[in-house]
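Student: I've got a model open on my screen and I'd like to learn how to read it. Could you walk me through some features?

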Amino acid sequence: MRKCAGVCAGTLLLLFSAFPAAFAAPVEIGGVLYDSVDEGEPFVEMTAPPAKGRAAPKPSRAESRAGMIAFQTDDPGEYVPDRVPGKGERVKGLEAVVTPGETTAVWVGVHALKDLSGFEAAVDVEDAPVSVELRHLHCWPQRTGWKSRRWTIVPELLLPFADGNRTVPLKDGVLKEEPFDLKKGATAGLWLTVSARADAAPGRYKGLLSLGGAGGKTLTLSLVLEVLPFRLTRPEGKHWLLYCDAGRWRSMGEEQVMGDLRDFAAHGFNGLVSVPFGDLDLSGMAEGRITFDDTPYRTLVARCQAAGMPGPHVCSFSGIPARVRERLGVECDLSKDVWPDVLKKGVTDAARAIVETTKDAGALWYFYGVDEPTGENTFAIQEYQCWHAAGALTYATFFNINFLEKASEFLTAPCFVSGLVSEEARAREAREACAKSGAEFWWYGTGCYSNPYPQESGLFFNRYGAGLFFWKTGAKSQVTWTFSRPHADPFNDFDGTPENDSEPKDQTTVYPHLLRPNDWSTYQGSIPTVAWEALREGYNDYLYLHTLAEAVKSARAGGNPRLQKRADRAEKEMAALVEALPFQNPMSRQPREDRVLRTTTLQKIRRAAAEHIAALQ
């Protein structure tokens, strides 16, 4: 993938329009030249409605000298290249609030009033016990749905920049540097990752953010870094799980794998889905001898514990019914027939051998059979029945409630698609039904979904899902799909059909950084995205609410009438704030006119929780 000059781009567009179904030469989409794209109708831009009559506000003297206006949007997903700042979005300074050991994000955009070449930014935090890492928001064209032929520009990747150059995608996981130049009227988004040391002393620390480029003077913004006087606490019995795409690890070294796991833990995850499990030997089945080598799972558990992820994990193991059928010589259509008792017993015996072998592996695991089955899937229902009879914990994702109606007695953790619990009444019904039957209420719906709206397009979706939505549902676990599952070139969202005809859009919450094309042995770690960092922000939102709940409980038990009164007020005020935030499916785009379902609303709720926690110390 490489940039295309204007004349080249125009010529290619004409050629592609003339030969839409068969043309396979390089194609320009959204200012990017791709070596190949999926055959079919031309990819067409889906343009956002323009801001009516918006013009950049009149610059101050300092802004005129610098040739830029610094501004802050509600969500970093708004920093598209032609974004014009509103008058109320201009900023003279930024503020970050963290607890000891916490990492959070701040973003700011710059709108060029003149041509600026070699744009640079620098942070000076003086003696603050806080570090700040600077990245730029790379914008690129992305499909608007799994099979969509429409695209839009998305500020997604968070990439380094320094010394007047920025890092950008090249091809097949490889990055390159290019001059960080801004044309007059262009906007660039900047991302600040703010991390407080675990031993950071509370207080307000002052720093500076300097912005500049050749063609203008330096624009300086104040940067206030506040460290709060408490630590966040993690709730017991609540889980954030991630589909980890472990197949990548087969081509990676130990430290590369551990880098991924530490990254998962740093973003709040304590368990993984679809992990390496083991090898089943049925050769002695006729003599009652079934063995299972769980070395892969024990290795995974040890790695996860070293990285700070105690589990539980979810393990897939397909193909056992077919293998048992062959070993026993049973005639049965597994997908249509009622399995004979001898087959059910064989599958159950195999599952029981796995359960017994792994019982001291160091972390709980759940069996994961068919993905998203419906109530008509008799194979899935019978397979879960066998694993349940063998004593396994069981996990199933589903979007059709009729599967739960037929298989509920065999499920430990029914995992609802978020749309099934995205209304208060339905979430309550699911929670209460699970409690009544003894099941665990789980749901899934964060990550990189594009149905019905791409979660990559902003911070709100995953932050809300992993945080306030999770809290409001009262679920035990929330599950994120998926870490990194690109099709063909990970830097090309338009070439995936040969690898995944049903969903050719890349299924990636993050992207790989490789030193050599498609060579995972050169993996340098994941390229973070707005959607990936949003999961950590949501996790932190949840921790603030939990820490406040614990502070309220402690204050009431402490016997201090003043603190008890404060605890009552804190609980009442926070309950009102959380209740006022409506339920909304984190897979869906919130209504444009909604002034509550916004990233700033989530920030206000977090800040209110922080103030109450501090008051209860």
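Predicted model: local features only at pLDDT ≥ 70, side-chain atom pairs only at ≥ 80, totals over all residues.

Student: Which backbone atom lies 3.3 Å from a polar atom of the Asp 74 side chain?

Tutor: The backbone nitrogen of Thr 599. Leaving out residues up to four places away in sequence, Asp 74 touches Trp 107, Arg 598, Thr 599 and Thr 600.

Student: Where is Asp 74 found, and is it buried or exposed?

Tutor: Look in the loop between strand E5 (68–71) and strand E6 (93–98). Buried means under 20% relative accessible area, and Asp 74 has 10%, so it counts as buried.

Student: Now a helix. How do I check the length of H6?

Tutor: Count 1.5 Å a residue, taking one less than the number of residues. Helix H6 covers residues 341–357, 17 residues, so it should span 24 Å; its end C-alpha atoms are 24 Å apart, which agrees.

Student: And how do I think about which way its residues point?

Tutor: The general idea is that an α-helix has 3.6 residues a turn, so residues three or four places apart point the same way. In H6, the buried residues include Leu 343, Val 347, Ala 350, Ala 351 and Ile 354. Lys 344 is also on the buried list.

Student: What covers the buried residues of H6?

Tutor: Among the elements doing that are strands E19 (279–284), E20 (289–293) and E22 (365–368), along with helices H5 (320–328) and H7 (378–389).

Student: Last one: which peptide bonds are cis?

Tutor: Check omega. From Gly 311 to Pro 312 the bond is cis, with omega near 15°; Pro 312 is in the loop between helix H4 (295–307) and strand E21 (313–316). The bond from Trp 481 to Thr 482 is also cis, with omega near 0°, and Thr 482 lies in the loop between strands E26 (477–481) and E27 (484–485).

Note on methods: Residues numbered from 1 in each chain as written. Heavy atoms only, no water. Helix = DSSP H or I, 4+ residues; strand = E, 2+ residues; numbered from the N terminus. Buried < 20%, exposed > 50% of the residue type's maximum accessible area, 1.4 Å probe, protein only. Contact = heavy atoms within 4.5 Å. Polar contact = N/O pair within 3.5 Å; in protein donor to acceptor, adjacent residues only side chain to side chain.
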